Amino acid sequence: MSEVSLTKPAERPPLGVRLALRDLDGVTLLALPAVLFVVALFIYPFAYGFVLSFKPKAGDWLANYRRFFSDPFLYDTIAATFWLAIPATLINVLVSIPIALRVRRLNRRRVLTTLLVVPITLGTVLIAEGLLIYLGPQGWFNRVLMLVGIGQVRLVHNYTGVMLSLILSGFPFAFLLTLSHLTGIDPSLEQAAATLGGKARARFWRILMPLLAQGLAINLCLSFVQTFSVFPSAVLLGAPAGTTRVISIAAYQAAYEQYDASMASAIAMIMGFCQLGVVAIILASRSFWYRGATGGSKG
Amino acid sequence: MKADRSISERLWAIAVWALVVFFILNFLAMIATVVLNSFSTRWFGTWLPAAFTTRWYKSAWDEFQLHDVLIVTFEVVGAVVLLSGALGVPAAYALARRNFPGKRAVILLFLLPMLIPPITFGIPLATVLYQAHLGGNISGVILANLVPTVPFVVLVMMPFIEQIDPRIEAAARVFGAGTGRLFFHVLLPLLAPGILAALLLVLVRTIAMFELTFFTAGPGSQTLVVALYYAVYAAGVRAGQSIDAMAVVYMLTTLIWLLIALRFVDPTQIVTRVKSEAAG
């Protein structure tokens, strides 16, 4: 350190002090292990996979992507995934709004939120196994349908089965997010609107929705990204060779059945790109809705 | 606000509550189906099983080597909890206390693994781990599971540390506490509730983490949820009741920890921590 202060002008403090002034000292270094870990096991694999996807087993650097977009067995998976993910996301997020609006007035919210956290915690594999029996031809659901005279409906090993499992695991998630956004909105804003004569409908559209827009956009993004990467339920509850052959199944088969890591990486990159694209569209369209202070800030 | 309730508003309220009840009813019925089936001798074409037995638990224990699977599960979960705490808490402390240049980029770095779903980054991650000869064994499973949990601990602990007054630490310094005593006598007791909550959430999430374990596990390093997936996938090979007995074991392992976790955290915390950071 003394060397530094000798060679530099006298008023210039030593390097350690200058770094500390910019909040870089021993305490900051505590973040280093975690940062290195995430770089090594998240950023590096992603970059590696990206590069690997341009090094196909055979053909030129774009061969993987060309193969994906020329083989209907592969490129149809994108449509199949969107066909599941978009309705599931919209149902989960939109239905969560009126329910969260009711629940937020409840005093004993905790019972309901605890109940709803259970499906999230149990995860998609268990839900798939449960629904296979419950919605199956001899399950309780179909028995009730027969009892009321609707007759047996085929609900598993097809599109409906996967959709229902996406709702069962995705709705609680969307609901809890919406609820936490709603409870963050200052209730006095709505009371003020009510005092000024705003009816319930007007209060909802003019006060709550603009304040909720930010939260809804994030909710839509997270819900979409989750449903877009559906895997266990698409295999177990769906028709993994037919209507519910989603993109994650194609990626899995490339990696673990054909042992083509390069192709699998290419499919994973395409999957990530689709997710990113939809997230970008949602976040961009949010600014059409509302510009200004975000969320529940009272300022 | 309650005076202006018209009939249509009441109908709307009833419809909303009916939907909630319908959802929860179906979910509970689904769980009940699994539990009942695991105890049934035979259940086909009737409302309730013909008779009850516990023998499927014995057969599931033997057929699926549940003893080994449970040991692996607890080893993986234990290691993930300890390591994500050891890596995440110091990082959260640094991010909460210092405002260094590039802090936003570091926070974004921790947000990404939580926003990008495991399926998307799982395949490249598994490729890299297999190349480093870490795939297919328990260390690979632990490393892969740490990828979302380390950022999770950082993001949960950051606001918790921010609300602890730094003057407490300064006061301890003034009274002559060294770094070691400061850490063990001042910081650790203050941080303990937050660390406990964060690690319990990590625990619950890791037991249920399917994708990353599925991509990196070999025959001897399967956790309970992956073993359950393979059992359901190969349904027909084993008796359905046996699979459901395993499903019940899985549910019990998860729900016991969830119940413990819920004593310390609000249920919404399980999903909403990410969001508040993403919004910021």
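**Exercise 1.** State which elements make up chain A, in order from the N terminus.

*Solution.* From the N terminus on, chain A runs α-α-α-α-α-α-α-α-α-α-α-α-α-α. The count is 14 helices and zero strands, where helices (H or I, at least four residues) and strands (E, at least two) are DSSP runs numbered from the N terminus. The model is predicted: local features need pLDDT of at least 70, side-chain atom pairs count only at pLDDT 80 or more, and totals for chains, interfaces and linings use all residues. Residues are numbered from 1 along each chain as its sequence is written, while chains are lettered from A and ligands numbered from 1 in the order in which they are written.

**Exercise 2.** Determine how the end-to-end span of helix α11 of chain A relates to that of a straight helix.

*Solution.* Helix α11 covers residues 200-228 of chain A, 29 residues in total. A straight helix would reach 42 Å, the expected span being 1.5 Å times one less than the number of residues. The end C-alpha atoms of α11 are only 35 Å apart.

**Exercise 3.** Describe the contact of chain A with chain B.

*Solution.* Chain A and chain B give 76 residues each, two residues being in contact if their C-beta atoms, placed from the backbone, lie within 7 Å. On the side of chain A, helix α7 (residues 109-134) gives the most, with 19 residues.
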